[in-house]
Amino acid sequence: MEQQCRDLINTLAACMVAGGTDPNLANLLSALLGVVLVATLPLVTVILLIWVERKFAARIQDRLGPNRVGPFGLLQSVADALKMLTKEDITPAGADRFIFNLAPIIAFAVVVLIWAVIPFTPLHVGSDLSVGILYFVGVGSIGAVKVMVAGWSSNNKYALLGAFRTIAQLVSYEVPMILALLIPVMMAGSMSMQDITRAQGGMWYIFASPLAFLIFFISNLAETGRAPFDLIEAESELVAGYNIEYSGFKFGMFMAGEFMHVFTVAVLTAVLFLGGWWGPGVEQIPALGFVYLGLKTMAVYFAMLLIRNTVPRFRIDQVMNFNWKFMVPLSIVVVLVQAFLMRITTSLGLAPNEAGDFVSNLPQTIVLLLGNLAIIAVVLNMIRNRGRQQRLADEAAAAHSDLAHPAGAPAGD
Amino acid sequence: MQLLNEWAFIGVFFAIAWVFPLLPIAGSWFLRPHKPNAIKQQTYECGVETVGDTWVQFKVQYYIYALVFLVFDVEMVFLFPWAVAYKQLDWFAFGAGFLFIFLLADALIYAWRKNALEWI
């Protein structure tokens with residue numbers, strides 16, 4: 001009971017019951033309040049984040065970025081939203097009207113839904129589902145549906161081709177992402193986000209399994225359609241991809257959903273691999289968890305921004321090959337090695353104890369880290385050998401064509 | 001009861017989440033102009049009217065990727081319970097999991113050898 005009273009919303013429900021309200025109604029109302037609180041947080045944040053992202057991109061490209069509306073251009077996103085509200089909404093001829101209108105709503109809603117299971121502090125979590133990870137995977141995959149629905153209903157060939165491409169990319173990168181998710185689940189022994197965070201009190205999982213972190217991070221870059229995997233948009237090839245026919249606020253919903261998705265996966269990375277709300281003094285003052293989670297999220301988010309603004313776009317065949325011939329085999333190996341090493345350390349009695357403090361985590365973490373480093377060494381060596389063979393073959397081919405076309409004649413067929 | 005409450009929260013969340021995008025889209029109805037005409041509503045292409053049916057049959061490659069994805073996605077559902085219980089399990093469970101993931105990898109190798117993963 002004492003635990004509950006420290007939580008504002010639960011206290012509210014308890015107080016309402018004490019005041020004579022029907023318990024079910026009290027629970028429903030408090031859930032309603034909680035939902036509105038949890039769902040509004042990403043909405044408010046995304047307005048600020050669009051500004052952050054545009055400023056960041058501008059600085060990298062040696063521009064000023066938005067700087068006219070409000071102090072430092074902070075209100076630029078608000079101005080954009082107001083502009084989009086007043087734009088005419090065009091539904092193209094021949095579009096399937098109902099699902100055409102449904103797509104932007106799905107696009108936005110599914111990202112908000114992920115926030116239901118994110119633990120903000122030791123006490124504050126929307127809903128501490130025992131299957132939180134599966135919930136995230138399930139809700140996250142609805143993102144593919146919105147793309148197909150939007151591309152198909154627009155009655156536009158660019159939109160349809162863009163949708164095909166996007167779906168292929170989204171479903172492919174889901175495989176290594178889910179495989180990487182197995183590792184925090186194995187180590188925490190639970191699928192609840194709150195339990196996984198709590199289990200990282202002694203050691204963040206990024207130290208025990210940096211490869212799982214990298215696989216999760218890279219596949220999420222692809223899932224959110226950020227550079228170098230941004231052929232979902234591919235401005236120069238498909239005009240805009242699946243959302244080409246959308247205008248006004250419906251387009252705005254796709255945009256806001258995409259920005260929010262990036263922020264959401266940054267939060268998830270922080271929760272699953274960077275210890276979530278853990279930080280000094282968080283057990284005494286749970287509200288500090290917000291700050292720590294925010295800082296870790298921002299670190300991941302800025303890494304994503306940096307990659308987005310500095311790396312060129314892949315071709316579609318490169319994207320698919322990278323996934324199926326590199327990421328998926330690698331993640332399978334990582335899961336197997338992880339399982340093997342965890343079994344070994346448990347047999348040797350090196351597994352962390354119930355308290356899960358830093359010292360008891362140390363032996364297992366070192367073993368797992370060494371296992372990861374060994375995989376990295378082997379993989380890098382394979383890539384280097386492959387690259388060398390490719391280079392030698394190319395050089396041989398170039399030398400051959402030089403003989404066929406002497407005196408600097410253009411090589412080729 | 002506690003479990004039920006958690007899911008009730010998700011239920012309420014599902015109901016509310018649609019309101020957030022719906023509100024501005026519906027609200028903009030009162031602010032935006034409504035002047036449709038035939039030319040404005042044409043399919044966006046290169047300026048010429050679009051030729052033929054839009055809903056074409058496209059590359060079979062996408063379908064093959066979807067099939068390979070399906071193999072992994074279904075098996076993944078079975079792997080999660082294994083991962084949750086893994087800390088309490090013995091070497092036998094490790095062997096079982098290894099065999100299962102090996103079969104998973106086998107499907108990938110088969111698809112690879114059959115050139116299903118080549119982008120054509």
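## Interface between chains A and B

In this predicted model, the contact takes 67 residues from chain A and 51 residues from chain B. Two residues are in contact if their C-beta atoms, placed from the backbone, lie within 7 Å. On the chain A side, helices H3 (23-60), H5 (97-114), H7 (157-188), H12 and H14 (316-347) each supply at least two residues. H14(A) gives the most, with 15 residues. Helices here are DSSP runs (H or I, at least four residues), numbered from the N terminus.

By class, the side of chain A that touches chain B divides into 43 nonpolar, 14 polar and ten charged residues. Ala, Val, Leu, Ile, Met, Phe, Trp, Tyr, Cys and Pro count as nonpolar; Asp, Glu, Lys and Arg count as charged; the others, Gly among them, count as polar.

Residues are numbered from 1 along each chain as its sequence is written, and chains are lettered from A and ligands numbered from 1 in the order in which they are written. Local features need pLDDT of at least 70 and side-chain atom pairs count only at pLDDT 80 or more, while totals for chains, interfaces and linings use all residues.

## H12(A) against H2(B)

Helix H12 (residues 248-273) of chain A packs on helix H2 (residues 19-27) of chain B at an angle of about 155°, with axes 8 Å apart. Axes are lines fitted to C-alpha atoms over the stretch in contact, and angles run from 0 to 180 degrees between N-to-C directions. H12(A) is therefore roughly antiparallel to H2(B), a term for angles over 145 degrees.

H12(A) contributes A:Phe249, A:Lys250 and A:Met253 to the contact; H2(B) contributes B:Pro21, B:Pro24 and B:Ile25. This contact has five nonpolar, no polar and one charged residues.

A:Gly257 sits in helix H12 of chain A. A:Gly257 is buried, with 23 other C-beta atoms within 10 Å. Buried means 20 or more other C-beta atoms within 10 Å of the residue's own, placed from the backbone. Not counting residues up to four places away in sequence, A:Gly257 touches A:Ala107, A:Phe108 and A:Val111. A:Asn243 is 14 residues from A:Gly257 in sequence and 12 Å away in space, C-alpha to C-alpha.

## The buried side of H4(A)

Helix H4 (residues 76-85) of chain A has A:Gln76, A:Ser77 and A:Met84 as its buried residues. They lie on the same side of H4(A) because they cover an arc of only 95° around the axis. The arc is that of the directions from the helix axis to the C-beta atoms. The buried residues of H4(A) pack against H3 and H12 of chain A.

Note on methods. Parallel < 35°, antiparallel > 145°, perpendicular 65-115°, else oblique. Buried ≥ 20, exposed ≤ 12 C-beta atoms within 10 Å, placed from the backbone.
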